[in-house]
Amino acid sequence: MTSLIQSLHGDKLHEECGVFGVYNHPDAAALTALGLHALQHRGQEAAGIVSFDGEKFQSERRLGLVSDNFTKASVIDRLEGTSAIGHVRYSTTGETALRNVQPLFADLAGGGFACAHNGNLTNALTLRNELVQQGAIFQSTSDTETILQLVARSKRGRTIDRLIDALFQIQGAYSLVVLTNKKMIGARDPLGIRPLVLGDLDGSPVLASETCALDIIGAQFVRDLENGEIVVINEDGIESIKPFPQMKPRPCIFEYIYFSRPDSILLGKSVYNCRKNFGAMLAKESYVEADVVTPVPDSGVPAAIGFAEHANIPFEMGIIRNHYVGRTFIEPTQLGRQLGVKRKHNPNKAHVTGKRVVLIDDSIVRGTTSVKIVQMMREAGATEVHMRIACPPITHPDFYGIDTPTQDQLLAATHSMEEMKEYIGADSLAFLTIDGMYRAMGYEEGRNKDLPQFTDHCFTGDYPTALTDREGDEDFRQLSLLQEQG
């Protein structure tokens, strides 16, 4: 899912969305709302649910948080039916408008077709332009609509065959959850870049981006969908289809570094334990004498614990995060944005003053937040501030469903290590190495350069699929002449 322009605000990476679906359960819509609540970290700007009652589809798509829109009984009661799919969205490209909120729905020749998409298609604009030339009418600026258009125009007979036909034409990363008149479908891209899991709730199949969404509704984890796999769920059971040529999976490493919730299990690995391992490996590679290890909350906490344990340095919460503020970039002025960082984080002076501090964060994007956090530590009385980052330097933008700036705005792409250290004002700066990251994930030999185990292009520039839209002269910013207000 993405509507195709890079956001120029914020100094954190953002996942663009999460998907959820449940089939054949009397409380399908309520369960979907709960599942989306557990996936809220994957997208906070919009949420939507589509249900099917055996005759009609019902849709509720809203801007804002799940808890602001899907907790009232009156809303859930309107979403009648025993099957439902849902989506949470973080808009990175295009406007935040209702027309882009998923699941998207279309009336096709074979019936209704609702689709929720996590990821980003790297040839969506190219396909879109071809479809428009052929007479297609697009109602959104989301690349997900390209999938619907391809399904609608397929000459195949069955819905599943039309979907497969569409998937063979797209490039990039996707996990899809689809709801039709008779079935729920889950699909994962041939490399398995974006995650998707299958669960079971008392005989009702469930699809979700992460296992934490299964936990919240009491569903049992069944398995991860394999890369390139499609599962078709109907009243006869679950059918697995693998239409693509077999490829070695390359899941997104950022799911382990930052995006997935720490309590999720991804491809058999605890996300929390992986992050602790990143921190331990970071301590092994770049130990520094210090009095206290403190994380930049919340995402830096597991890595900081791992660093502190390996380095045998006390772990303390030297920064306290206020969870009840909005994103800094929504402030109307630069002063507002600057104050926003202070509203989000406050030093815990009792554990900082007079101390040599190792500050652990999960990543550095533009570096503007790091500057403010290091300055905050010094103002709180830290005698030394050593910055340690629990992933390698981010030197390349993402085109698979992560909100990243353009390359010239990535600090590590434009500065040397010494220049970055000077820019953020730290006494020392070190990142986890690429091989160290892979060793922390259990690959003692490090990164396999011929067949990399993960999608890691943000660190290496090794993009695993064609970037068709980026290779042409297309204008990525003008997808629609309509600018919605409100």
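Me: What makes E2 and E5 a pair, and in which sense do they run, parallel or antiparallel?
Reply: Keep in mind that this is a predicted model. Two strands pair if there are at least two bridges between them. E2 and E5 are joined by six bridges and run antiparallel, so they count as a pair under that cut-off. One of the contacts to look up is Gly-21, whose bridge partner in E5 is Ile-85.

Me: What about E2 and E11, how many bridges join them?
Reply: Three bridges, again with the strands running antiparallel. Look for Phe-20, which stands opposite Ala-208 in E11. E11 covers residues 204–208.

Me: Which sheet do these strands belong to, and what is the order of its strands?
Reply: An open sheet of seven strands, in the order E4-E3-E5-E2-E11-E10-E12, with antiparallel pairing.

Me: Why are E4 and E12 said to stand at the edges?
Reply: Each has a single partner strand, so one side of E4 (57–63) and one side of E12 (220–224) is left without a neighbour in the sheet. On average, neighbouring strands of this sheet are turned by 15 degrees against each other, direction ignored. For E12, the pairing with E10 (residues 197–201) is antiparallel, over four bridges. Within that pairing, Gly-199 stands opposite Phe-221.

Me: Which helix packs on the sheet, and which strands are touched?
Reply: That's H1, residues 28–38, which touches E2 (17–22), E3 (46–52), E5 (83–89) and E10. The direction of H1 makes about 25 degrees with that of E5.

Me: What makes E2 "mostly covered"?
Reply: Six of its six residues are buried. Cys-17, Val-19 and Gly-21 point one way, while Gly-18, Phe-20 and Val-22 point the other way, and all are buried. As background, side chains in a regular strand alternate between the two faces of the sheet.

Me: How do you know that Cys-17 is buried?
Reply: The cut-off is under 20% relative accessible area. Cys-17 has 0% relative accessibility, so it counts as buried.

Me: Why is Thr-211 called buried?
Reply: Its relative accessible area is 5%, and the limit is under 20%, so it qualifies. Thr-211 lies in helix H7, residues 211–217. Leaving aside neighbours within four places in sequence, it's in contact with Val-197, Phe-221, Asp-263, Ser-264 and Ile-265.

Me: What makes H5 a mostly covered helix?
Reply: Eight of its ten residues, in the stretch 144–153, are buried. Among them are Ile-147, Leu-148, Leu-150 and Val-151, along with Glu-145 and Gln-149. The buried residues of H5 pack against E6 (104–108), E7 (111–121), H4 (124–133), H6 (159–167) and E8 (172–180).

Me: How many residues of H10 are buried, and what do they pack against?
Reply: Nine of eleven in H10, residues 301–311. Val-301, Ile-305 and Phe-307 are among them. The packing partners are H9, E17 (292–295), E20 (356–361) and E21 (384–389). H10 is followed by Asn-312, with a positive phi near 60 degrees.

Me: Which residues touch the most other members of the largest nonpolar core?
Reply: Phe-254, Phe-278, Leu-359, Met-377 and Phe-459, in a core of 68 residues. Helix H9 (residues 271–285) gives the most to this core, with six residues. Contacts of Phe-459, beyond four places in sequence, include Ile-253, Phe-254, Cys-391, Ile-434 and Met-437. Another core, of 30 residues, lies apart from the largest one, with Leu-148, Ile-164, Val-232 and Ile-241 among its members.

Me: And how many residues of the chain count as buried?
Reply: Of the 486 residues, 59%. The chain has 17 helices and 23 strands, and its accessible surface comes to about 19300 Å², of which 49% belongs to carbon and sulfur atoms.

Definitions and conventions: Residues numbered from 1 in each chain as written. Predicted model: local features only at pLDDT ≥ 70, side-chain atom pairs only at ≥ 80, totals over all residues. Heavy atoms only, no water. Helix = DSSP H or I, 4+ residues; strand = E, 2+ residues; numbered from the N terminus. Axes fitted to C-alpha atoms, helices over the stretch in contact; angles between N-to-C directions. Contact = heavy atoms within 4.5 Å. Core = buried A, V, L, I, M, F, W, Y, C linked by side-chain atoms within 4.5 Å. Buried < 20%, exposed > 50% of the residue type's maximum accessible area, 1.4 Å probe, protein only. Areas by Shrake-Rupley, 256 points an atom, 1.4 Å probe, with all protein chains shown as cover.
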